[in-house]
There are 4 protein chains.
Amino acid sequence: MGIRTAVVGASGYAGGELLRLLAGHPDLDLVLATAHSQAGRPVAGVHPHLAGLDLVLGATDPAALAETDLVFLALPHGESAAIAAQLPDTVKIVDLGADFRLIDPAQWGRYYGGEHAGTWTYGLPELPGQRLRVAASDRVAATGCYAVATILALAPLVAAGLIEAEDVVVVAASGTSGAGKAPKAHLLGAEVMGDLTPYKVGAHQHVAEIKQATGAASISFTPVLAPMPRGILATVTGRPANADITANVVRAVLADAYADSPFVHVLAEGQWPHTAATFGSNSAHLQTAVDIDSGRVIVVSAIDNLGKGAAGQAVQCANLMLGLPETTGLPVHGVR
Amino acid sequence: MGIRTAVVGASGYAGGELLRLLAGHPDLDLVLATAHSQAGRPVAGVHPHLAGLDLVLGATDPAALAETDLVFLALPHGESAAIAAQLPDTVKIVDLGADFRLIDPAQWGRYYGGEHAGTWTYGLPELPGQRLRVAASDRVAATGCYAVATILALAPLVAAGLIEAEDVVVVAASGTSGAGKAPKAHLLGAEVMGDLTPYKVGAHQHVAEIKQATGAASISFTPVLAPMPRGILATVTGRPANADITANVVRAVLADAYADSPFVHVLAEGQWPHTAATFGSNSAHLQTAVDIDSGRVIVVSAIDNLGKGAAGQAVQCANLMLGLPETTGLPVHGVR
Amino acid sequence: MGIRTAVVGASGYAGGELLRLLAGHPDLDLVLATAHSQAGRPVAGVHPHLAGLDLVLGATDPAALAETDLVFLALPHGESAAIAAQLPDTVKIVDLGADFRLIDPAQWGRYYGGEHAGTWTYGLPELPGQRLRVAASDRVAATGCYAVATILALAPLVAAGLIEAEDVVVVAASGTSGAGKAPKAHLLGAEVMGDLTPYKVGAHQHVAEIKQATGAASISFTPVLAPMPRGILATVTGRPANADITANVVRAVLADAYADSPFVHVLAEGQWPHTAATFGSNSAHLQTAVDIDSGRVIVVSAIDNLGKGAAGQAVQCANLMLGLPETTGLPVHGVR
Amino acid sequence: MGIRTAVVGASGYAGGELLRLLAGHPDLDLVLATAHSQAGRPVAGVHPHLAGLDLVLGATDPAALAETDLVFLALPHGESAAIAAQLPDTVKIVDLGADFRLIDPAQWGRYYGGEHAGTWTYGLPELPGQRLRVAASDRVAATGCYAVATILALAPLVAAGLIEAEDVVVVAASGTSGAGKAPKAHLLGAEVMGDLTPYKVGAHQHVAEIKQATGAASISFTPVLAPMPRGILATVTGRPANADITANVVRAVLADAYADSPFVHVLAEGQWPHTAATFGSNSAHLQTAVDIDSGRVIVVSAIDNLGKGAAGQAVQCANLMLGLPETTGLPVHGVR
């Protein structure tokens, strides 16, 4: 028998993607999926792409969750801690929310407000040494969607001293599933199709975890809503540490950093990331250039915000926590 | 060691989807992928979503194909026969093109022109008795994309005598990958986004195989190009055989027809097919209603034109031909 | 000084399009725009594309409306009658809702329910004799969006006896603005992009006005939600009255019917309607074929659901009611 | 009689938009539209949205152009000079290509190569003093699409000393019409829908004119292809000149810079630009913030790449050159 697995917050986009991945996972048995207002509805009614999955959404009951081996929490920020507190140590937890990502309570207060719940192992296995730390943890806080797209591009540059830690500039665009499934007028199809618009300009909450994970000293971050359901493209730029840095040098550093990471693909020279190429997968695609006018180092990354940016990442962490091969049940190739 | 498998015409959309499915298939080993003008390029350069797949497109060489166990032909209409003729009987073939679908040479001549290559087992396992016939065949002609969407909706209605065989009316819309990857001005993103347009109105070549497979006597078929990469939604209507037919009766007939077909989902009452729900899967979703004004029976079906409409269907046939479980390596759930 | 004009229900999609058209209209002075929950907000905050339009949404006050010369009502079905009843005869009214379109109270009851408000002049000037009737009216009920797309294609066929009045089959797809601006989960961008889905299958309320306007005896009507913000493509098919009917005959009948209608374009042979070609315009594009298998006559029409399908049509009616040239202030060409 | 006007390169996207604008312009009479391979085709066949425009594309004949009063050149880079050289001084010319934009031949050589054709008045009337210079010119080089989006955001910041001239970072995304109408596989709808991808990273040719027009000393520029037909969103960031700069200060500087510019809208606080809000218009929308982490000044601008980014801008310049009101025939409001 497999590992008894529950998804809390299964009616949202990240929750739905978790259900899809778990339905195809050979070792994790989806035994419970819970929701709030949608409790009582069949999964296939809430998520039409899961037709054939014979499961009804339950209410979120800590006692029932305590009977499982693994719980994924896919809840709005601030709601994970209360549930996590009611689960015994025997249950491993991966939180897709922000509650336990940050070390510094001041940063939590600045971007999220309210009490800081605490700090769990940061769930980005591709960071140096982090794969082992995740594997050794029972509580993991998976990364934010923009965060993983940015960190994968940025961390090796800072670590290798290729760029200055000051004045990193990031512009990242996301498909609209990143904004969640709660109905809001500005997210209607008739609003977002054919449209690009920025939001939370210069004040996005993922900046805190990006700095924490990369060592960047200051970041200008501008998120943009893009007319597509899924995907993040992050353009990450930093001032070169010296004038000799070339794209080939940067590419080599990136390739070296991710040599043992099966989901991170540093593309061949001349090939740039496409978000669509990562659709439905747990992969990240990277490419780099040095700006011919300014000399800035530019790394562009693409992920699926619900894959490597949320549910895929969470399953990857769970695989490690359970001693499974990291790639178990996770697609490397996008659906294009 | 697995079954040595080749894809001919691997640079197109159906070919690319075959490569993706084969990369995740536990029993079929992708040993050869061939193309015409793109021969010599790495697969990941032609299909960015297949980053990490370490394979170079080869030229189409019958001698090399003859060394394999299974060949998928994903070629423009009219090009399959010449290659098939050069392959020994030891090689099983699934043709995704139209060359071998039709029984009647006159119908071939009417819609395609040129010499009729012959007739292979029609690769739609969900038709009555067809699963066994496919399993017993070494040469299978997979269905057309519009054809499968229409036939799945229509065949049980005709077979059960719920509708008259005369005067079936079908309007079906397809994502633009259905039009292929050859660059044409009218298929540019700036043309197709935000646009619906019909084409080949009243004269689409898939009518021939739909009639052959369903027994419909006459069909009005209008295809529409829709602003999405993948997916087909077919609205199939027929005149009711009598005034007592209700949606529940039709739904029961459909459910019965597909009770043993793992990829066909007759949705719960009140839930209508979404093409997006089938994206990347080999599933078909069906729902029905009886028009309150005209009494016409309406069945709407949704598939992924590259999944159940092409590559998925072809792999499903291959699974059967090889004695594998029908669902091996094929996603039931869409990526949404 | 121009004609004092008000828009009631100015925060919705049709209301916003009315504001846009009125802002560019040389004779109609937009003096009042009202809304319900959005009252008090600047127009440019609610409709970002109207940046520079210096107007604040007011509450809907019949006394203020009574001071104007012309009122457009762009309200949900069932809300127009109460306001219209409070306006003096000196105020001309164009209602974009369904309240006053139908003659037969039984049809109203069947599709909308509640009390039938009455019948105003049907606002489709392209129908035979209707231009004069609209011009002579002070109260006009503009057509439904699907209705105008279907009627323009269908009415001349029935009138000329080219098709049987029985068993017309229509499948029509609309951009999502047709579903309104109220936030609903199934209309979110992440749901509708990349997706086609039918709704109200075989039971759409516009069937009543289509039959009333065209004389069709029975219609099977299937609406489909398409992944684009605006536009309707209607595929209208009828059984041919005899076997001699050709596309050229049909095209000639259509061309003759609309010879004096500046907004209806019967396209040159070989050219099919594109919804995008009508985007932002008040035009309708038509083309025809006769199905080679069934002999069905097929006419496909494209409009902008907010243009000829709503706001444009309403302004066209107002122009006629005021004795202005029909085309005043209305774009013939789409923005593509 | 109006001003005899010709469009050279009328089959492309910018050419088509010129035709649309000219068809509605009260003073410019479109007498000639020329193309290369499409010569001989009716305009409405090439541009379906111009149904009803009774004009046939001609070959590009300098003798015929010499008979006109005004010529718009909408040609690939490098092709304008040869035609311009054959036109007499009596013909005013607006070139939408890059040939005459740059002052410094070295910059031309760096980004375009080949011989530098010369320098015409730069067609961005919103720059200080430029409105008068355009009005006094018979030869005007309209701006590049990315250039106008960037310059409008950037020029006032540099001029007012709000940011350092060094190390401006720009990420700008464009709809795919910006890539032109020549059929290329990577621009197919099935490729671009649902996808974001960067291109010409760190090496885009518009950097030269942006620096020339704004006085910026160095720019890192990353262009991104976005899944929409039209529109550019540019995120422009600069290091603040001092720590006291607030968004209100920046907004006031922008508002002041464009107080007399009818097409540039500095949005109200809290409202961010949407590309869709500018669709089909000649407007630019601007908003600003100061990044809370880095202190970088961020200005985001939105335009329609075919409107203010190409054809609209060109007509605006022509209006000025002819002594017409700047806004004649140009929409301020987008179609949304």
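Student: How much area is buried between chain A and chain B, and what share of it do carbon and sulfur atoms give?

Tutor: Buried area is the accessible area (1.4 Å probe) that two parts lose on being put together, summed over both. For chain A and chain B the value is about 2100 Å², with 63% given by carbon and sulfur atoms. In chain A, the residues that lose the most area to chain B are His49(A), His333(A) and Arg336(A), together 32% of what that side buries. Before we continue, note that this is a predicted model, in which local features need pLDDT of at least 70 and side-chain atom pairs count only at pLDDT 80 or more, while totals for chains, interfaces and linings use all residues. Residues are numbered from 1 along each chain as its sequence is written, chains are lettered from A and ligands numbered from 1 in the order in which they are written, and side-chain values use heavy atoms, with hydrogens and water left out.

Student: How many residues of chain A are in contact with chain B, and how many does the contact with chain D take from chain A?

Tutor: Contact means heavy atoms within 4.5 Å. By that criterion, 26 residues of chain A meet 26 residues of chain B. The contact with chain D takes 50 residues from chain A and 50 residues from chain D. Chain A and chain D bury about 3800 Å² between them, 55% of it on carbon and sulfur atoms. Leu196(A), Ile292(A) and Asp293(A) supply 17% of the area that chain A buries against chain D, more than any other three residues.

Student: Why does the radius of gyration of chain A agree with that of a compact globule?

Tutor: The radius of gyration is taken over C-alpha atoms, and the globule rule is 2.2 Å times the number of residues to the power 0.38. With 336 residues, a compact globule would have a radius near 20 Å, and chain A has 19 Å, which agrees. The C-alpha trace of chain A spans about 60 × 45 × 40 Å along its principal axes. Among contacts in chain A with a separation of 6 or more, 69% join residues 24 or more positions apart.

Student: What secondary structure does chain A have, and what percentage of its residues is buried?

Tutor: Helices (H or I, at least four residues) and strands (E, at least two) are DSSP runs, numbered from the N terminus. Chain A has 11 helices and 13 strands. A residue is buried under 20% relative accessible area, exposed over 50% and partly exposed in between (1.4 Å probe, protein chains only). Buried residues make up 65% of the 336 residues in chain A.

Student: Where is Ala6(A) found, and which residues does Ala6(A) touch?

Tutor: Ala6(A) is found in strand β1 (residues 3-8) of chain A, and it is buried, with a relative accessible area of 0%. Not counting residues up to four places away in sequence, Ala6(A) touches Leu32(A), Leu65(A), Thr68(A), Leu70(A), Val71(A) and Phe72(A). Leu65(A) is 59 residues from Ala6(A) along the chain, yet their C-alpha atoms are separated by 6.8 Å.

Student: Is Thr235(C) buried or exposed, and with which residues is Thr235(C) in contact?

Tutor: Thr235(C), in strand β10 (residues 232-238) of chain C, is buried, with a relative accessible area of 1%. Leaving aside neighbours within four places in sequence, the contacts of Thr235(C) include Val171(B), Thr222(B) and Val224(B), as well as Val169(C) and Ile298(C).

Student: How many residues of helix α1 of chain D are buried, and what do they pack against?

Tutor: An α-helix has 3.6 residues a turn, so residues three or four places apart point the same way. Helix α1 (residues 13-23) of chain D is mostly covered, with 10 of its 11 residues buried. These buried residues pack against α8 (189-192) of chain B together with elements of chain D, including β1 (3-8) and α11 (307-321).

Student: Which residues other than glycine have a positive phi?

Tutor: Most residues other than glycine have a negative phi. Asp167(B) has a positive phi near 65°; it lies in the loop between α7 (145-159) and β7 (168-174) of chain B and is buried, at 5% relative accessible area. Lys200(B) has a positive phi of about 40°. Lys200(B) lies in the loop between β8 (197-198) and α9 (206-214) of chain B and counts as partly exposed, at 42% relative accessibility.
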